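User: Please take a close look at one helix of this model and at what follows it. Then set a helix pair and a single side chain beside it.

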Amino acid sequence: MATAELPVAAEVPREKTAKELEKERKKEEKMAKFLAKQNKKQPAKEKSEKSEKKPAKDQQLVAAEYKELTPPGEKKILQDLELPALKSYNPQVVESAWYEWWEKEGFFKPEFTADGKIKPEGLFTIPAPPPNITGALHIGHALTVAIQDALIRWERMRGKTVLYLPGFDHAGISTQSVVEKMLWKKKKQTRHDLGREKFVDLVWEWKEEYHQRIKNQSKRLGASYDWSREAFTMDDNLSAAVRKTFIQLFEEGVLYRDNRLVNWCVALNTTLSNLEVENKDIKGRTMMNVPGYEEPVEFGVLTSFAYPVEGTEEKLIVATTRPETMFGDTAVAVHPEDPRYKHLHGKFVVHPFVDRKLPVITDSEAVDMSFGTGAVKITPAHDHNDYATGKRHNLEFVNIMNDNGTLNENCGKYAGLKRFDARKLVIAELTELGLFIDSKDNEMTVPLCVKSNDVIEPIMKPQWWVRQKAMADAALNAVKTGEMILEPKIFEADYFYWMENIQDWCVSRQLWWGHRCPAYYVRIDGLEGQQDPIEAKWWVAAENEEEARKKAEAKFPGKSFTLDWDEDVLDTWFSSGLWPFSTLGWPNLESKDLKDFYPMSMLETGWDIMFFWVARMAMLGIKLTGSVPFKEIYLHSLVRDAQGRKMSKSLGNVIDPLDVTTGISLQNLHARLREGNLDPREIAKAEAGQQISFPNGIPECGTDAMRFALCAYTTGGRDINLDILRVEGYRKFCNKIYQATKFALLRLGEGYMPPSEINATGKESLVEKWILYKFSEAARVTNEALEKRDFFTATSTIYNFWLYELCDVYIENSKSLILEGTPEEQTSAKNTLYACLDGALKLIHPFMPFITEELWQRLPRREGDETRTISKASYPKYRKELDDEEAAAAYDLVFSVVKGARSLFSQYNILKGGKIYVQCSLAADKTTIETQTSSISALIKSYDSIDVILASDVMPEGTGVLVISKDVTVGVMLKGQIDVDAEITRAEQKLNKAVQANAGLEKIMSSKDYATKAKKEAQEANQLRLETYATEIETLKGMIQNFEKLRV
């Protein structure tokens, strides 16, 4: 007996979208597969276990030897796909030889019209963020390349004039630091042992070695840079731009000199900007490793001590987290309204260690009388808050520290002691003098150098500063007016806040490697002791000493003088801030590149350097050129490890992208740690981190899989938790593409010649019309997604088209069409196969450049198509003539039947001899499915027969069913093949769930004002859902009745 006749049901809260229904079906299918595996017999399990012990066939083939026959720079010699090394996807084989040919042929250079103008299709330019020459690229750089190069290749394929400008950054602090460590490790020498000139020469040698290493990495990643325009921040033309900028800003008064508090890094012996300081919050007593100290140093402690009040027995208690700074105290502040201390106004306290009296001052800004004792020690030369207090009260600024972190002569007998060693001794002596009160846990923030992890010391230094307020206002306005677009929008608030609260920028750095400040101190004879080098009026800024002398003579006519060239170099970000226009020839305003390419189309980089770099380029670009430096800013996520941790060498989770492309063992990852400058104490910790992150090493994934994965991860958030296993999954996707293309080439045959263009003849089979429609839709969605910088949607769309539509459906269908169809059907099927394969390779090329070039070069060309490389082929786009929605909907119905039958076969573990029944409410649906039984046969291997019936007919007794829609139900014969009791239980559970959902929806739809307040679209969707629930309920009741009869 059959199930009950399917009623034309009622309705529900909201109709599930096709995507939701598909997700549910996949979930059911996944569970069914799991249960099916559980039901398999033990012999099958044992067989499976044995097969798992064998190396995968794919891995065996990859191991086959491959010999590259192509001379360097020549077009790749394509070898037979049947060779052992080419039988399956092998990244090393696929990626060989192509880049050298691309570069030699100049495919990455911008194309102009015959008269040297920008092409009518438009212009697209990206300046690559210049990587530091400090070692090697990491996975964050790979993400940058993956995103940028995808956009560059996409726009190039759209026919635009495209420039992807590469370059490298001298990275002053980082490079000098790593070279100094290397020098000490190898020769136990410091830079001072060599002297400035020889040390700088050594850094240039380092630069040449690592610059080439990074350049090679970039090529391995497939970055389609125009290497003929490669730039380095210390090239002659870029250095000229730096000097020009410094001189202009100096002469306009925007760049000035002042003796102010700076962030001093003792370990690196240089000033840092606020952006180069990381504030670490600690809750209380915390032991921290500090460079230069064998033992950890204690932080998070508030120490209270007393200053004796002059001429009395009274003591004034103050508290500090830095007791060693008391040598720089020049006052004690109290609140003017605090009654406890009014009698001390105008009095003095006596310093116990140095010959100094400290005035008791009143200050309502510096003191909160409800906090602590209400008395605050003031150290103007070593604390940012106290600096302002010192300026307000004209206090003495006493510097107590040498550049190397030792106390100076102002600290009496403590001179020469390291700052944190002195801390302990100060507390000990205060205790002896009876002035120590107590110490207690204190929540605080410890400023750390992002480069060395040293604790930052605020110190007074005469430095060059840049006034940023006016420039920041202009850069802020550019984003607010849309002249410069910032994406994703979540970063706008951060950008606005920083620009609105900007501070002046200290650009001096006490280094030897970098752009030396083009500033000269004019030391006038006879004014010894009267000049103050802090004052800018005694300085000139010039291109060289000769020009400086002329400017000094004009500034101080008739005076005899000598010139002292400033020893400091400029902050690395000063030169990097000029990158979008200095690389194009600025300050030469006649530069063709500057005229053609400025402003750049887009700046793409990580959000973490929005203020270090992006904001400064915006400010300096508008200031110096009168134009925004780029029209769009796209900020990508930061890459973290699979556990969500920030990548760092000490954690052992930093990833070299080439290790992902070629693979590396855990043992070799450990060995890498010993090659660098990592502190020996950190190596064991890093090895443990590697054991956690990469217990089996990193598998060989290939460049294409890594690029695709990184773009697929890019969803517009702040962080990416990179799981190497996901990248490896995309390597399998590459193999799917590879095998599909091999199969297609086999089916097309050697003599196949595609038509001159894609044209729908109208004679295509239904599945052909469907796949052509899907291809056109995939092209439309991908192009729209890339326009919106929606990389997740772009990659998902391409992935789904390749895997679930082209490979799983059309290629499977094409086998019978090409082998068994009429000549006309064979030709049509081949043309469709070629069109989709050619188009799919082009669609994915921006993300996977190597595999697509390798496979596309093996395809025949359309008549008249002389395109030499896929990188210059036309990118697919939506084609209205392929937009056959009726045919697409018809085949979607057929495919839903296929998926439904597969799900049932999997659910009930039917491996062969299956019988399918399709019950349709509409005669048109019945006809469609009946005419597509051959297509269904191509996609389902485990059935013997299929019967299509109307709803008025009954399904045979013993069928299990799955509701596809309110109009279509799929059934399979279960009699004799299932555990009846288990299936009844399962059906009853489904029935209860459907009944509850139906009741809930009915309650919503019967509520007061539903008809007037609910949107029309929602009401229609709910009605459809209610009808589907009704169908499902009646079907499940029928199933249970059927199963009950199977018990007999």
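**A covered helix and other local details**

Helix α6 is mostly covered, with 18 of its 19 residues buried (buried means under 20% relative accessible area, with a 1.4 Å probe and protein chains only). The model is predicted, so local features need pLDDT of at least 70 and side-chain atom pairs pLDDT 80 or more, while totals for chains, interfaces and linings use all residues. Residues are numbered from 1 along each chain as its sequence is written, and side-chain values use heavy atoms, leaving out hydrogens and water.

Helix α6 runs over residues 139–157; helices are DSSP runs of H or I with at least four residues, numbered from the N terminus. From first to last C-alpha, α6 reaches 26 Å, close to the 27 Å expected at 1.5 Å a residue (1.5 Å times one less than the number of residues). Just after α6, G159 has a positive phi of about 95 degrees.

Next, the helix pair. Helix α26 (residues 791–820) packs against helix α29 (residues 885–907) at about 95 degrees, with axes 13 Å apart; axes are lines fitted to C-alpha atoms over the stretch in contact, and angles run from 0 to 180 degrees between N-to-C directions. α26 is therefore roughly perpendicular to α29 (65 to 115 degrees). Y804, D808, V809 and N813 in α26 meet Y891, F895 and R902 in α29, contact being heavy atoms within 4.5 Å.

Last, the side chain. N735 lies in helix α24 (residues 724–748) and is buried, at 18% relative accessible area. The N735 side chain reaches the backbone nitrogen of Y89 at 2.9 Å.

Technical notes
Helix = DSSP H or I, 4+ residues; strand = E, 2+ residues; numbered from the N terminus. Buried < 20%, exposed > 50% of the residue type's maximum accessible area, 1.4 Å probe, protein only. Polar contact = N/O pair within 3.5 Å; in protein donor to acceptor, adjacent residues only side chain to side chain. Parallel < 35°, antiparallel > 145°, perpendicular 65-115°, else oblique.
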